[in-house]
Amino acid sequence: MIYTVTLNPAIDYYISMKEFQEGELNLIDNGYTLPGGKGINVSKVLKNFGIESTALGFAGGFTGNYIRTNLKEYGISENLVELKENTRINIKLRTEKDESEIAGFSPRITEAEYMEFLNTVKNIKSGDILVLSGSVPKSLDAEIYKTIIEMLPENVKVILDTRGEPFKYALEKGVFLTKPNNVELGEFFNEKYETMEEIINAGEKLRKMGSENVLISLGKNGSVLITEKGVWIGNVPKGTLVSSVGAGDSMVAGTLYGIVKGMEISEAYKYGIASGSATAFTEGLTTWENMENLLNDINIKMGGNSDVK
């Protein structure tokens, strides 16, 4: 079974307009809402690909009910702990020039609610896969992902996609895969990378610190996968960017799809690239068809030199 953890889910309100004018009344050209949260996004893309998962985490109030209802309609199993306070609302604004995000205020999680959540983690068994994804609310300890990993039985593959202190502490326990982007990677090491060689060296550092595999997304410059068997560099297929929101989560889901189907991670990487790109080229999260249409446009090179078939 695959479990995804979203400690800080949200309702994402997507709006678009030609130009945002600060201090003025702004009228949007288009707007829609979707339940958000990195782990929930992973579960949704997996469901689109025919892979079942269970969503763990927290949800509260009328916004939390919206998320639960949406997951039920999607056919995704959930064991979200009910909070007294409302789940947050995020704003995703796209103009002709750029994309901006406003992160909503996170609900306070009580000690009793936290303990109830830890009990849901006890259902995870040897051989399962756990995706720890997204930010940690301020009311929870920054070591929570580390605590979760310590609770797991042996032979559970952990995929980690977060940043800052929660990332650092979890990495200490060892994980199967991390998926930072180049900005998050630079923030973590307090460095700025100008070349692919520098990015790969930073990824190798993460491997030495506890990440068996490292997948780094580089936006329009593609991505790189680093494993004990080598380095693979992938392109970005041609397409028009609609929204980058959820693209990284889709990359995780696509790679996970390949792993579940018995592929080596270097082979599953192709599905990760296609999934992330397909989400970026559409409104919302990718479908199987949109992902599959891009597979033939994915080019992966090993070590930057020879093509990988």
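Residues are numbered from 1 along each chain as its sequence is written, and side-chain values use heavy atoms, with hydrogens and water left out. Because the model is predicted, local features need pLDDT of at least 70 and side-chain atom pairs count only at pLDDT 80 or more, whereas totals for chains, interfaces and linings use all residues.

Thr63 is located in helix H2 (residues 61–74); helices (H or I, at least four residues) and strands (E, at least two) are DSSP runs, numbered from the N terminus. With a relative accessible area of 1%, Thr63 is buried (buried is under 20%, exposed over 50% and partly exposed in between, for a 1.4 Å probe and protein chains only). The Thr63 side chain reaches the backbone oxygen of Thr87 at 2.7 Å. Beyond its neighbours within four places in sequence, Thr63 is in contact (heavy atoms within 4.5 Å) with Ile11, Asn86, Thr87 and Ile89.

Two packed helices are described by the angle between their axes and the distance between the axes. Axes are lines fitted to C-alpha atoms, for helices over the stretch in contact, and angles run from 0 to 180 degrees between N-to-C directions. The axes of H4 (residues 144–151) and H5 (residues 164–171) come within 7 Å and cross at roughly 25°. H4 is therefore roughly parallel to H5, a term for angles under 35 degrees. Their crossing is right-handed, meaning that the near helix is turned clockwise from the far one by less than a right angle, with anticlockwise for left-handed. Tyr145, Lys146 and Ile149 in H4 meet Pro166, Tyr169 and Ala170 in H5. These residues comprise five nonpolar, no polar and one charged, where Ala, Val, Leu, Ile, Met, Phe, Trp, Tyr, Cys and Pro count as nonpolar, Asp, Glu, Lys and Arg as charged, and the others, Gly among them, as polar.

H6 (residues 182–189) and H7 (residues 196–209) pack at about 65°, with axes 11 Å apart, and their crossing is left-handed. Leu185, Phe188 and Phe189 of H6 make this contact with Ile199, Ala202, Gly203, Lys205, Leu206 and Met209 of H7. Seven of the contact residues are nonpolar, one is polar and one is charged.

Most residues other than glycine have a negative phi. Asn155, in the loop between H4 and strand S9 (157–161), has a positive phi near 65° and is exposed at 58% relative accessibility. Asn190, in the loop between H6 and H7, has a positive phi of about 55° and is exposed at 72%.

Definitions and conventions
A polar contact is a pair of N or O atoms within 3.5 Å; within protein, one must be able to donate a hydrogen and the other to accept it, and residues adjacent in sequence count only if both atoms are side-chain atoms. Angles under 35 degrees count as roughly parallel, over 145 as roughly antiparallel, 65 to 115 as roughly perpendicular and the rest as oblique.
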